[in-house]
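Here are my notes on this model. Please read them with the structure open.

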Amino acid sequence: MAVGGGAAAVLGLWWANTPAVAGLDGWLTGAGRITGLLAGYAIAVLLMLMARIPALEHGVGSDRLTRWHSMGGRYVVGLSVAHTLLITWGYAVTEGTGVVGETVTLNLSYPDVLRATVAVLLLVGIGVVSARAIRPRLRYETWFHLHFYTYLAAWLAFGHVLATGNEFIANPSARLAWYALYITVALVLIWYRILTPVRQAFRHRFTVTQVVEEGPGVVSVHISGRRFDLLRAEPGQFFRWRFLTRELWWSPNPYSLSAVPGRNELRITAKDLGDHSRILARLRPGTRVLAEGPYGSLTAGRRRRRRVLLIAGGAGITPLRSLFESIPAAPGDLTLLYRARAAGDLVFRDELDDISARRGARLLYCVGPTSVVGDPFAPRTLAALVPHLRDHDVFLCAPSAMTGHVIASLRAVGVPSGRIHHESFEF
């Protein structure tokens, strides 16, 4: 609602400053001005979604914010490219010149247009590396750091809008509002992305105490400190961790809490999925840590029904293991269904068996390739495995393909979407 209201206000600026539109050049230029204004506004919204505001992270969920950010990025790139093409074409028609010649003239003669062109190229480049066909081939750290060019693009575009936008040149109120929008976004980013992690580091003194091998390629990192109760971390949530070693200090990576947070100890568990997670196995006790968070909304607070079903796939067991231990449930009302390709891929098996016995909870392992064990998430199979499935709240954490399949099956057997709680651990 707020985002839509802002977009309407931006369009209102164009409307108030445009007495009439006539001719092909007028329509092209008008469309170019509209797309440019919307692109400038959309990039501010995009940056706000990247600010890791706790209220949004907890209320909306990090995976949903990530999807919104991805969708918003496509809008920003599309609007920016459309603005560039439409304005250039419109001016070319007005001047009676070719598009190529007008492109050169605009970049060399108009204030800040060259900077805006660089901004558009940066945004297109970021969009390309984020495309589904390319993103999985990049290391998370590479993809993460390339996104910092979004800040540079926003700064370059900001000056261009104020220098050449007819809506701002003779309208001090509009200029003030535009400054206020971008300054607010900048302050929020600085507060939550920079100052808050530093403040938490001094307050809590995060330090690695031990690294435990949980299985082939899987390690748990125990982190001690002080006054962790002030973090208000809940089972099911995650932090973005920056380990202060030569190899890891420059990249914050997301890892979920794999045990109920204690007053002075946290535990995370990581599978060897890349260079960062592989290096965690070599961490030494005493390593200092910066932590951003907690984030995520896959918590017991979303529960609405007495019966609870947890469904974990692969590394998705990490946040669900802490929920399995802590979510309030009477004996027989809590079920964990854990899917793995092979027995060696099961993590926390001894811990899960112990929790199941202590709590009187059902624990179902589904191990092996689909060709051997069948599809455990087919609607009929799920309904047979979990009696009264429609009366459950379902917490789901798994790879995206499995998540989509499970959600479709749950809906098919009558579980309302409002009682299917899921977050992806893929960023």
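Which residues of helix 8 are buried?

1. The model is predicted. In helix 8, the buried residues are T150, A153, A154, L156, A157, F158, G159, H160, V161 and L162.

2. Several helices supply the cover. Helix 2 (23–49), helix 4 (62–95) and helix 6 (113–129) are among those over the buried residues of helix 8. Helix 9 (166–169) and helix 10 (172–204) also take part.

3. Helix 8 itself runs over residues 149–164, 16 residues in total. From first C-alpha to last, helix 8 reaches 23 Å, close to the expected 22 Å at 1.5 Å a residue.

4. The unreviewed UniProt entry carries the annotation "transmembrane region" for residues 32–51, 72–93, 113–134, 146–164 and 176–195. Two of these stretches can be checked against the model. Residues 72–93 are 100% helix and 0% strand, with the end C-alpha atoms 31 Å apart. Residues 113–134 are 77% helix and 0% strand, and there the end C-alpha atoms lie 30 Å apart.

5. Helix 1 (residues 2–16) packs on helix 2 at about 145°, and their axes are 10 Å apart. The crossing of helix 1 and helix 2 is right-handed. Helix 1 brings A2, V3, G6, A7, V10, L11 and W14 to the contact. Helix 2 brings G30, R33, I34, L37, L38, Y41 and V45.

6. What is the make-up of the contact of helix 1 with helix 2? Its residues divide into 11 nonpolar, two polar and one charged. On the spacing, residues three or four places apart point the same way because an α-helix has 3.6 residues a turn.

Technical notes
Residues numbered from 1 in each chain as written. Predicted model: local features only at pLDDT ≥ 70, side-chain atom pairs only at ≥ 80, totals over all residues. Heavy atoms only, no water. UniProt positions renumbered as here; feature names shortened; annotations may be inferred. Helix = DSSP H or I, 4+ residues; strand = E, 2+ residues; numbered from the N terminus. Expected span 1.5 Å × (residues − 1). Buried < 20%, exposed > 50% of the residue type's maximum accessible area, 1.4 Å probe, protein only. Contact = heavy atoms within 4.5 Å. Axes fitted to C-alpha atoms, helices over the stretch in contact; angles between N-to-C directions. Left-handed = near helix turned anticlockwise from the far one by under 90°. Nonpolar A, V, L, I, M, F, W, Y, C, P; charged D, E, K, R; others polar.
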